[in-house]
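I set out to read this structure one topic at a time. The entries below record what I looked up and what I found.

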Amino acid sequence: MMAGTVVEILVAVGDSVESGQDVIIIESMKMQLPITAESAGKVKEIKVAAGDFVNEGDVAVILE
C-alpha cells in the first residue's frame, strides 16, 4: 500500500472478501488507488477510518 489518505472503506466487519477484492480506496498524489485484500477471509477488524493518513506497510483491515 502506498502512503495516502483513506477516501472510502468498501467493506464492513463481518463481510466476506475474496483475494484481490478492493477493500479501501486511498488518495495519493491526487490519484485514487484501490487497496486489495491479500487473501480471502472474513473482515474481523477495520483499523482505519475515512480521512486517516496511512503509510506504506500499515495494517488497514484484519481478516480471519
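Which residue in β7 stands opposite isoleucine 46? I looked up the position and found valine 61 opposite isoleucine 46. I note here that the model is a predicted one.

**Entry on the sheet**

I next looked up the strands around this pair. Strand β5 covers residues 41-46, and three bridges join β5 to β7. The two strands run antiparallel.

**Entry on the largest pocket**

I asked how many residues line the largest pocket. The lining consists of 13 residues, and the pocket has a volume of about 360 Å³. Nearest its centre lie Ile35, Thr36, Glu38, Ala60 and Val61. Two elements, β4 (31-36) and β7 (61-63), each give two or more residues to the lining. I also sorted the lining by class and recorded eight nonpolar, three polar and two charged residues.

**Entry on the loop between β3 and β4**

I turned to the loop between β3 (22-28) and β4, where methionine 29 lies. Phi of methionine 29 is near 55 degrees, which is a positive value in a residue other than glycine. Lysine 30 is found in the loop between β3 and β4 as well. Its phi is near 65 degrees, again positive in a residue other than glycine.

Are these two residues buried or exposed? I looked up the relative accessible area of each. Methionine 29 has 64% and therefore counts as exposed, the cut-off being over 50%. Lysine 30 has 81%, so lysine 30 is exposed by that cut-off too.

**Entry on serine 28**

I then looked up serine 28, which is found in strand β3. Its relative accessibility is 7%, so serine 28 counts as buried, for which the value must be under 20%. Which residues does serine 28 touch, when those up to four places away in sequence are not counted? I listed Met2, Ala3, Gly4 and Leu33. For alanine 3 I noted a further detail: its backbone oxygen lies 2.8 Å from a polar atom of the side chain of serine 28.

Technical notes. Residues are numbered from 1 along each chain as its sequence is written. This is a predicted model: local features need pLDDT of at least 70, side-chain atom pairs count only at pLDDT 80 or more; totals for chains, interfaces and linings use all residues. Side-chain values use heavy atoms; hydrogens and water are left out. On a 1 Å grid over the protein atoms alone, a cavity is a set of points where a 1.4 Å probe fits but cannot get out, and a pocket is an open set with protein on both sides within 12 Å along at least five of seven lines; lining residues have an atom within 4 Å of a point. Grid points are joined across faces, edges and corners, and a volume is the space filled by probe spheres set on the points. Helices (H or I, at least four residues) and strands (E, at least two) are DSSP runs, numbered from the N terminus. Ala, Val, Leu, Ile, Met, Phe, Trp, Tyr, Cys and Pro count as nonpolar, Asp, Glu, Lys and Arg as charged, and the others, Gly among them, as polar. Buried means under 20% relative accessible area, exposed over 50%, partly exposed in between (1.4 Å probe, protein chains only). Two strands pair if DSSP finds at least two bridges between them. A polar contact is a pair of N or O atoms within 3.5 Å; within protein, one must be able to donate a hydrogen and the other to accept it, and residues adjacent in sequence count only if both atoms are side-chain atoms. Contact means heavy atoms within 4.5 Å.
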